[in-house]
Amino acid sequence: MSKKTSNKVKDKNLKERHNFFLNPYEDCAFTKCPKCEAKTKIRKFPLVIHIEPQQLFFLNKQCKYCPTCDLIIAKKQEIESLMAFGLSQSHPKIIGNKYVVIGTVDKKDWKEGSQESLSPAEIIERTYIFQDIWNFEVIPAGWYPKGEQ
Ligand SMILES: [Zn+2]
């Protein structure tokens, strides 16, 4: 049994890009970056999600993005409902399984991948995993980074 608790995929051969925050707060849209307080932009990112036991899922999703921090913020709730919708035809049994948003791919790779012409190994090869996964805790007076960033 693996005891890995980190949600970051560590592999020297993988390319890295962007920081990521999976926003668990339904009522917090993060129109400002939780780290630098700059206004966030809205941008679409082709996200790569690994769903247990072994399924890769692409989601071209509108996210909040801070260019200064290179931080992508995606709403957990939205990802989960889009995932459930996307899987309801092809893989209904794995809906609700544990998943990790591992990174992003380029638009062209997303197109190929979503047509299922890429094998999982090819997808991983083209995936830019996140440099870092950040967590922010929202408290009534504002927000604070969880631990040292
Ligand atoms: Zn920022």
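Modeller: Gladly. What covers the buried residues of H2 includes strand E3 (41-51), strand E4 (55-66) and helix H3 (120-126). Bear in mind that this is a predicted model.

Biologist: Which residues of H2 are called buried, and what makes them so?

Modeller: In helix H2 (residues 107-114) they are Asp109, Trp110 and Gly113. A residue is called buried because 20 or more other C-beta atoms lie within 10 Å of its own. Asp109, Trp110 and Gly113 count as buried, so each meets that cut-off.

Biologist: How do you know on which side of H2 they sit?

Modeller: Their arc around the axis is only 105°, which puts them on the same side of H2. The face turned away from that buried side carries Lys107 and Lys108, both exposed.

Biologist: How does H2 run relative to E4?

Modeller: H2 lies across E3 and E4, at about 145° to E4.

Biologist: Now the sheet. What is its strand order?

Modeller: The open sheet has 8 strands in the order E1-E7-E6-E3-E4-E5-E2-E8, and its pairing is mixed.

Biologist: Why are E1 and E8 called edge strands?

Modeller: Strand E1 (15-16) and strand E8 (132-133) each have a single partner strand, so one side of each lacks a neighbour in the sheet.

Biologist: What makes E1 and E7 a pair?

Modeller: Pairing needs at least two bridges. E1 and strand E7 (residues 128-129) have 2 bridges, in the parallel sense, so they qualify as a pair. Glu16 stands opposite Ile129 in E7.

Methods. Residues are numbered from 1 along each chain as its sequence is written. This is a predicted model: local features need pLDDT of at least 70, side-chain atom pairs count only at pLDDT 80 or more; totals for chains, interfaces and linings use all residues. A residue is buried if 20 or more other C-beta atoms lie within 10 Å of its own, exposed if 12 or fewer, and partly exposed in between; C-beta atoms are placed from the backbone. Helices (H or I, at least four residues) and strands (E, at least two) are DSSP runs, numbered from the N terminus. The arc is that of the directions from the helix axis to the C-beta atoms. Two residues are in contact if their C-beta atoms, placed from the backbone, lie within 7 Å. Axes are lines fitted to C-alpha atoms, for helices over the stretch in contact, and angles run from 0 to 180 degrees between N-to-C directions.
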